Amino acid sequence: MIPQNEQLSPAEKTWQTHEALNQLYGVLDLRKPRREPIHELISTMLSHRTTHANEETAYYRMRELYPTWPEVMTAPVDELTKVLETAQYPGPKAINIQKALRLIQEKAPDFSLHFLEEMSVEEAMDWLMALPGVGLKTATLLLLFNFHKPVLPVDTHVFRVSQRVGLIGAKVTAEKAHTILLDMLPKEAPVLFNFHKHLYWHGQRICTWKGPKCQECPLCALCNYCQEVRQKGVDKQKKVI
Ligand code: SF4
């Protein structure tokens, strides 16, 4: 039984949300990553404001035409832009990818990125975020998924669900949400992985942007948005009576 919304602190609510979504979606194993870190990094750079299908088309067209990373790095930028055209902002993305690859090659001539394994979370975050086109979301996704470091990626779905439930305030930015949410959770990669994946799925399937399906959501008793909507319904009924 989930305690009532107003009795819980944001940290307690965060944990209750985590437990409720574990039950709804099941606990996932944090397994060996399916893709090489460099693949994950470049795909995530391409994914900004782009659907998964369009990002994959751009990535695989690029790899077909330029099978090695030095070939991608030295391709004429207008050609690379054309190849990436299914992604949003292909021009800036082509430039950023080439610049990032040059910096990666200086550190790891084989482009493996496995050196990040040995770095502390802070060092790895700083190094990644110094690459052009790499922000908090991309860096945390790579470090959590590929290196199992205790960081929390906050994408649009995780952000929206967290705000509606009331884990973070209405004025908190997505950047700040990374730290606020992380501070309320154990610094354990499996917990953070499940929290991220579950809120992501929840935002895609139930707590959707246009029409959250509160009537079928197990978080309603915890959720500010759901409780406010219910309260408004009660007030309306009182007026009618
Ligand atoms: S109760 Fe509604 S608003 Fe709250 S998380 Fe669930 S679907 Fe989203």
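Which residue just after α9 takes a positive phi? In this predicted model, the residue is Gly166, and its phi is about 105°.

The secondary structure of the protein consists of twelve helices and zero strands, so that the order of elements from the N terminus reads α-α-α-α-α-α-α-α-α-α-α-α. The C-alpha trace spans about 70 × 35 × 30 Å along its principal axes. Of the 241 residues in the protein, 34% are buried. Among contacts between residues at least 6 apart in sequence, 66% join residues at least 24 apart. An unreviewed UniProt entry carries the annotation "domain: HhH-GPD" for residues 46-205.

The domain assignment divides the protein into domain 1, with residues 5-30 + 153-216, and domain 2, with residues 37-147. The centres of domain 1 and domain 2, taken over C-alpha atoms, are separated by 27 Å. Contact between the domains involves nine residues of domain 1 and five residues of domain 2. On the side of domain 1 that touches domain 2, the elements giving two or more residues are α10 (174-183) and α11 (189-205). Helix α11 supplies the largest share of that side, four residues. By class, the side of domain 1 that touches domain 2 comprises five nonpolar, two polar and two charged residues.

The shell around the ligand contains 14 residues, of which Cys207, Cys214, Cys217, Cys223 and Cys226 come nearest. Two or more residues of the shell are given by each of α9 (156-165) and α12 (224-240). The largest share, three residues, comes from α9. Twelve residues of the shell around the ligand are nonpolar and two are charged, with no polar residues.

Helix α7 (residues 121-129) has Ala124, Met125 and Leu128 as its buried residues. These residues lie on the same side of α7 because they cover an arc of only 100° around the axis. The exposed residues Glu122, Glu123 and Asp126 are carried on the face of α7 turned away from its buried side. The packing partner of the buried residues of α7 is α8 (136-147).

Most residues other than glycine have a negative phi. Tyr89, which is not a glycine, has a positive phi of about 50°. Tyr89 is located in the loop between α5 (77-83) and α6 (90-107). With 16 other C-beta atoms within 10 Å, Tyr89 is partly exposed, because the count falls between the limits of 12 or fewer for exposed and 20 or more for buried. A positive phi, of about 65°, also occurs at Leu113, again not a glycine. Leu113 belongs to the loop between α6 and α7. Leu113 has 22 other C-beta atoms within 10 Å and is therefore buried, the cut-off being 20 or more.

Conventions: Residues numbered from 1 in each chain as written. Predicted model: local features only at pLDDT ≥ 70, side-chain atom pairs only at ≥ 80, totals over all residues. UniProt positions renumbered as here; feature names shortened; annotations may be inferred. Near = placed C-beta within 6 Å. Nonpolar A, V, L, I, M, F, W, Y, C, P; charged D, E, K, R; others polar. Contact = placed C-beta atoms within 7 Å. Domains from an automatic or database assignment. Arc of directions from axis to C-beta.
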